[in-house]
Amino acid sequence: MQFHHHGYVSGDPRVQPAAGRGLHRPAELPDQTDVLIVGSGPAGMLLAAQLSQFPDVDVRLIERREGRLELGQADGIQPRSVETFQAFGFAERIIAEAYNIGWMNFWAPDPDDPARIVRTMRTEDYALRMSEFPHLIVNQARVLDYFAEAAAHGPGRVVPDYGIEFLGLTVGDEGDFPVEVRVRHIAGARAGEERTIRAKYVAGCDGARSRVRDAIGRVHVGAASAHAWGVMDVLVNTDFPDWRIKCAINSGAGNILHIPREGGYLSRMYIDLGEVAPDDDHRVRQTPIDEIIRRANAILHPYSIDVKEVAWHSVYEVGHRVTDGFDDVPAGAPRAPRVFLTGDACHTHSAKAGQGMNVSMQDGFNLGWKLGHVLTGLAAPSLLSTYGAERRPVAQQLIDFDREWSALMARKPEEITDPQDLATHYLATAEFPSGFRTRYAPSAIVADATHQDLASGFPIGMRFASVEVARVADGNAVHLGHHARADGRWRVYAFADAPLPGAPSALGDFARWLASSASPVSVHTPAGADVDAVFDVKVVYQQRYDDIELPLVPDIFRPRTGPLGLTDWEKVYAAAPSAWHDSDIFEERGLSRDGVVVVVRPDQYVAAVLPLTATDELAAFFAGALLPR
């Protein structure tokens, strides 16, 4: 990581210097704010962490609870989420404390004795071949803790306002703060007091029973299936041999999805409670924990569990719902949105595919930088309309996927014709649950695919898949994508044509244009800001690092920034990590040896692929996405 940018510091470099609103942040919730976030779940906390990187934006987060979440219900962390954690600076720490899913085993009735279960298949987890990041299990509360830390340590110093309940809102037509939000203090010296807060924008991150959703007239569309599951986090002694491996277990007595948790002892079990009668009226939700444990033991026969402690348990009926809109703008209305819905407020489903927290966080990531751009004058308010346009199709894909997965998990043995089809489905569909199938459609911030053949391994509209390169300054092999932090900046990766620095080349011409008054860097970077304040521009040469002479690299890739005007040495890379590496990023991502420019959005999605010579097209793309300074 880079620090000492503003002078020598001896403290924790993860704590960025306070700036803007973070310098004199009021301890009490003020009467007006730029962005009011309602709810401190995964989407809300990520949104706060992202907006803390825009210190000139006033951000407040209200939460009805009186303090941090202590025991979260979600626990599955997909590789795309770990990739996101990397951008926020805490992937390594959370990986160290999480359970890493390396394998998934499948159990079914023994053909010779159907009353007993036997292991039928072992499969390595899909993350092992799909990403440099693992598939994890860790308590949702810890994820929120890390995002809370990132928000509090960002320049904006955003911290939750606990003990404040959202009551309702109205959206007006006039004024700088057109959204009136009614809240009630439910803790502390002001308990019982009701107030009105005015905001420019409101983000409803308040869960499946969202009051923000109700306030803007949006509704969940869908229904619950007639099947119930018990879920419990337990500490046990057992003779089941795969207790520390993720397992899908099918037997004549029902089904279990078993997931070991962090710490080496705790495990989560989803236990099949069977079909729900039409006249049940949710009575199944009152199933006692002793009955859930009895069912688990019946399914596990001839093995058993001796439960020593139940940390948490619940019963739920599988539901699949998507909200009819992700913001407050009626269909066809000619205005930008003011109120947004994220996470469970706009999509609910079963918990067994590990998608709720993961998709919710990507909702927050998508929305956060867009709000930051609009509120700092980098982009027009119309940018905010792309949030719902991009995220609602993802939510519908999630519901469709989860409906199929839930049906497969709930089958009875006599309904299974191929004992291996669940494992086959698990691996064949892995790209979606891992978080890597999302693809945003062309828009003002996603270019068309005219030049996609120049970078076939970086599909436009999909997340930027990192590859190892060599940092020229020190020769270290590093992942190119890991240098991109969730700081609200766009990334412009220039992959060089064949000549070395200093020789005539298409890259040299591109670099001179990028440093000129006609380039997006000049047009869209605010006056007085660092040259890389909006665009983080990097170059990757085709040669090995020791063939590159840094003084010959164009200045745009070696900017001098910060109050001391220090040279940034970490924007110049070589394609081959070392002399012993057999391939390079050009081969692995199908990059043209004639050079190519890959533009990546602040949320890590590829926005455009262009030839080095397409300077007019690049300028036009950013002119459509951003405002002039």
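Author: A salt bridge is a side-chain nitrogen of Lys or Arg within 4 Å of a carboxyl oxygen of Asp or Glu. In this structure, Asp 487, Arg 489, Arg 491, Asp 532, Asp 536, Lys 538, Asp 568 and Lys 571 are linked in a network of such bridges.

Reader: On what basis are local features and side-chain atom pairs counted here?

Author: The model is predicted, so local features need pLDDT of at least 70 and side-chain atom pairs count only at pLDDT 80 or more, while totals for chains, interfaces and linings use all residues. Residues are numbered from 1 along each chain as its sequence is written, and side-chain values use heavy atoms, with hydrogens and water left out.

Reader: How many salt bridges does the structure hold, and which residue pairs with Glu 28?

Author: There are 51 salt bridges; in one of them, Arg 190 pairs with Glu 28, their closest N and O atoms lying 3.2 Å apart. Because Arg 190 sits in the loop between β10 (179-185) and β11 (194-204) and Glu 28 in the segment before β1 (32-38), the pair ties together parts that are 162 residues apart in sequence; strands are DSSP runs of E of at least two residues, and helices runs of H or I of at least four, numbered from the N terminus.

Reader: Are Lys 571 and Asp 536 buried or exposed?

Author: Buried means under 20% relative accessible area, exposed over 50%, and partly exposed in between (1.4 Å probe, protein chains only). Both Lys 571 and Asp 536 are buried, and their closest N and O atoms are 2.4 Å apart. By contrast, Arg 190 is partly exposed at 27%, and Glu 28 is partly exposed at 46%.
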